[in-house]
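Please open the model in a viewer and keep the selection panel at hand.

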Amino acid sequence: MNDPLQLAADLARRFEGLRLRPYQDQAGYWTIGYGSRALADGPAVSRTTQSISAAEADALLTDRLAVVQGRVRQLVTAPLTAGQEAALIDFSYNLGTSALAGSTLLRLLNQRAYVAAGAELARWNHVRIDGRLVESNGLTNRRRAELALWNTPSHSQPSGRVKALS
C-alpha cells in the first residue's frame, strides 16, 4: 500500500486509539475519536461534547488528515516518497501544521537533506505539562514509527504534486 493518507491514518489510529466519548489527552486538550480536537461541523471538543460512533470517528480522522495533507503539500517543495509524506501527515496531525511550518525539519527537507530531516522527527517527543516540556514515551514511540515509515522505500508514486524520489 502506497497511499500516504491510508498509511497516515493507520499510524494515527495506532497511536491515538479510539475513544467515542470526550477525554483529555496527555497535554490536557479535550479530544474525541482518534485524537480529534474539533467536531466535523467545527465546534471544539469539550467535556460536554456528546459521544460519537466509530464511523463518525473514522470520518473525522479521514477528513482532518486530508486537510493536513493539503497543508503539508503546500509547505514541502522537495519530492517525497509515499512513506515520507505519510510520516509528515501523521506528524502534522499530531502536532499541528504550524509545528511543521516553523521547523528545522521542514527547512532541511526543502533543502533535500532527507536523512537530516528524518532525524529531526525524534526531537518532537515532548509534551507541555504544567508549563514544562516533559519527554513522552508515547511520542517517542510515535516518532520512531514515523521515522520507520519515512525510511520505507517507495515502489510507486503518491498522487498529487509530491513525487517519489528517484
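**First stop: Ala 8 and its surroundings**

Select Ala 8 together with Leu 65, Ala 86, Ile 89 and Asp 90, the residues with which Ala 8 is in contact once its neighbours within four places in sequence are left aside. The model is a predicted one. Ala 8 belongs to helix α1, and its relative accessible area is 0%, so it is buried.

**Second stop: helices α1 and α2**

Next, select residues 4-16 for α1 and residues 54-75 for α2. How are these two helices arranged, and at what angle do they pack? The angle is about 125°, and the axes lie 10 Å apart. The oblique class takes in angles between 115 and 145 degrees, and α1 and α2 are therefore oblique to each other. The crossing in which α1 passes α2 is right-handed. To display the contact, show the side chains of Pro 4, Leu 5, Ala 8, Ala 9, Ala 12 and Arg 13 on α1, then those of Asp 58, Leu 61, Thr 62, Leu 65, Ala 66 and Gln 69 on α2.

Nonpolar side chains tend to be buried together in soluble globular proteins. The largest nonpolar core here has 37 residues. Select Leu 61, Val 76, Leu 88, Leu 100, Leu 109 and Trp 150, the members that touch the most others. The elements giving two or more residues to this core are α1, α2, α3 (82-95), α5 (104-110), α6 (114-120) and α7 (137-150). Centre the view on Leu 100: residues up to four places away in sequence not being counted, Leu 100 touches Val 72, Leu 75, Leu 88, Phe 91, Ser 92, Leu 105 and Leu 106.

Turn to α3 and α7, which pack at an angle of about 155° with their axes 7 Å apart. This angle makes α3 roughly antiparallel to α7, because the cut-off for that class is over 145 degrees. On α3, select Gly 83, Gln 84, Ala 86, Ala 87, Leu 88, Asp 90, Phe 91, Tyr 93, Asn 94 and Leu 95; on α7, select Leu 139, Arg 142, Arg 143, Glu 146, Leu 149 and Trp 150. The residues of this contact divide into nine nonpolar, three polar and four charged.

Keep Arg 143 of helix α7 selected. Is this arginine, Arg 143, buried or exposed? Its relative accessibility is 2%, so Arg 143 counts as buried. Apart from neighbours within four places in sequence, Arg 143 is in contact with Phe 91, Asn 94, Leu 95, Leu 121, Ala 122, Trp 124 and Asn 125.

**Last stop: two loops with positive phi**

Most residues other than glycine have a negative phi. Select Arg 112, in the loop between α5 and α6; its phi is near 65°, a positive value in a residue other than glycine. Then move to Asp 130, in the loop between β3 (126-129) and β4 (132-135). Asp 130 is not a glycine either, and has a positive phi of about 50°. With a relative accessibility of 76%, Asp 130 counts as exposed.

Conventions: Residues numbered from 1 in each chain as written. Predicted model: local features only at pLDDT ≥ 70, side-chain atom pairs only at ≥ 80, totals over all residues. Heavy atoms only, no water. Axes fitted to C-alpha atoms, helices over the stretch in contact; angles between N-to-C directions. Helix = DSSP H or I, 4+ residues; strand = E, 2+ residues; numbered from the N terminus. Parallel < 35°, antiparallel > 145°, perpendicular 65-115°, else oblique. Left-handed = near helix turned anticlockwise from the far one by under 90°. Contact = heavy atoms within 4.5 Å. Core = buried A, V, L, I, M, F, W, Y, C linked by side-chain atoms within 4.5 Å. Buried < 20%, exposed > 50% of the residue type's maximum accessible area, 1.4 Å probe, protein only. Nonpolar A, V, L, I, M, F, W, Y, C, P; charged D, E, K, R; others polar.
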